[in-house]
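I set out to record what I looked up in this structure, entry by entry.

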Amino acid sequence: MGAELIPLAFTTGWGSGINAYAVVLVLGLADRIFGLGQIPDALARTDVLVGAGILFAVEMLADKIPYVDSVWDSVHTVVRPTVGATIGYLIGHETASLDAAIGAATGGVTALVSHGIKAGLRAAVNTSPEPASNVVVSTTEDVAVTGITALAIAHPWWAASIALVLLAAGAFLVYKLAARIRGYKRRYDAWGERVGIAAPRTRRRPPAPESPPPRPRTQVETPVEARVERSARPFDQET
C-alpha cells in the first residue's frame with residue numbers, strides 16, 4: 001500500500017466512527033470537484049452523494065437531541081465500522097488485493113474504536129440536565145470530522161497524527177467518566193424497558209433473612225402449681 005494510503009484509511013476510519021456520512025460527503029465532493037486520484041471514484045457517484053447528504057442532515061438533527069443521540073449511536077454500531085472498512089477497502093482496491101484488505105482492516109477497526117469512544121462520551125454528556133452541551137459537542141464533532149478529513153486529502157500524515165491524538169484523548173475521557181457513563185447506562189436501560197425497545201432485565205429477589213433458632217423454653221413454676229405440688233406430698237416429707 002502506498003505510504004499516503006495508510007494514514008488516509010486511518011483518518012477516514014476515525015471520522016467514520018464519529019460521522020460516517022460527513023466523511024463520505026467530504027471525500028465524494030472533493031473527488032467530484034477536483035478529480036483526485038487517491039479518492040475512490042465510487043464515492044463521487046451522484047446517488048452516493050445524495051444518500052450521504054440526506055443521512056448527514058438527519059444525523060445532524062438526531063445527534064443534538066439528548067437520549068435520541070444515544071439511540072442513533074446504538075443503531076450505527078454496525079453502520080459506522082462498515083462504512084470505515086468499505087472506504088479503506090476502496091482506497092487500496094486500485095493497487096493490489098492485499099492493500100485492499102489492509103485498508104479495510106485499518107478503516108473498520110479504527111471506526112469501531114472511534115464509535116465506541118463517541119458513544120461513551122455522549123453517554124456522559126447526557127447525564128447533564130441541560131441540552132446545550134449536546135449541541136456544542138455535536139457541532140464540534142461535525143467540524144472536526146469535516147476539517148480533518150479534508151486535511152487528509154492534502155496532508156494524510158498530519159491528519160492521521162491529529163486523529164490519533166484525538167482518539168487517545170477521547171479514550172482517556174471515557175476512562176475518567178466511566179462512573180457517570182455506568183449511571184447513564186442504567187437509566188438508559190430502564191427507559192428502554194419502559195418504551196419497549198429493550199428486553200426487561202431479570203431481577204433476582206434477595207434471599208429472605210434466616211430466622212434465628214427458637215430459644216429453649218424454661219419451665220417456670222407458677223405459685224398455684226407449687227402449692228398443688230406441696231399438697232400432694234406425704235405429711236412426713238413436709239418440712
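**Entry 1: L8**

I looked up L8 and found it buried, with a relative accessible area of 4%; buried means under 20% relative accessible area, exposed over 50% and partly exposed in between, with a 1.4 Å probe and protein chains only. L8 is found in helix α1. Helices are DSSP runs of H or I of at least four residues, strands are runs of E of at least two, and both are numbered from the N terminus. Not counting residues up to four places away in sequence, I found that L8 touches Q38, I91, A152 and P156, where contact means heavy atoms within 4.5 Å. I also noted T106, which is 98 residues from L8 along the chain, with 9.7 Å between the two C-alpha atoms.

**Entry 2: Basis of the values**

I note that this is a predicted model, in which local features need pLDDT of at least 70, side-chain atom pairs count only at pLDDT 80 or more, and totals for chains, interfaces and linings use all residues. Residues are numbered from 1 along each chain as its sequence is written, and side-chain values use heavy atoms, with hydrogens and water left out.

**Entry 3: The chain**

I counted eight helices and zero strands in the protein chain. Of its 239 residues, 37% count as buried. Among contacts with a separation of 6 or more, 69% join residues 24 or more positions apart.

**Entry 4: L25**

I returned to helix α1 for L25. L25 counts as buried, at 15% relative accessibility. Its contacts, leaving aside neighbours within four places in sequence, are L49, A52, G53 and F56. A44 is 19 residues from L25 in sequence and 8.4 Å away in space, C-alpha to C-alpha.

**Entry 5: Helix α6**

I checked the length of α6: at 1.5 Å a residue its 21 residues should span 30 Å, and its end C-alpha atoms are 30 Å apart, which agrees. The expected span is 1.5 Å times one less than the number of residues. Which residues of α6 are buried? I listed P156, A159, A160, A163, L167 and G170. They cover an arc of only 95° around the axis, which puts them on the same side of α6; the arc is that of the directions from the helix axis to the C-beta atoms. The face turned away from that buried side carries the exposed residues W157, W158, V165, F172, Y175 and K176.

**Entry 6: The largest pocket**

I read a volume of about 350 Å³ for the largest pocket. A pocket is an open set of points on a 1 Å grid over the protein atoms alone where a 1.4 Å probe fits, with protein on both sides within 12 Å along at least five of seven lines; lining residues have an atom within 4 Å of a point. The lining has 16 residues, and W14, I18, L121, E141 and L166 lie nearest the centre. Helices α1 (5-34), α4 (97-125), α5 (132-154) and α6 (156-176) each supply at least two lining residues.

I then followed E141, which is in helix α5. E141 is buried, with a relative accessible area of 14%. Beyond its neighbours within four places in sequence, E141 is in contact with I18, D63, K118 and R122.

**Entry 7: Y67**

I placed Y67 in the loop between α2 (46-62) and α3 (68-93). Y67 is not a glycine, yet has a positive phi of about 70°. Most residues other than glycine have a negative phi. At 34% relative accessibility, Y67 counts as partly exposed.

Notes:
Grid points are joined across faces, edges and corners, and a volume is the space filled by probe spheres set on the points.
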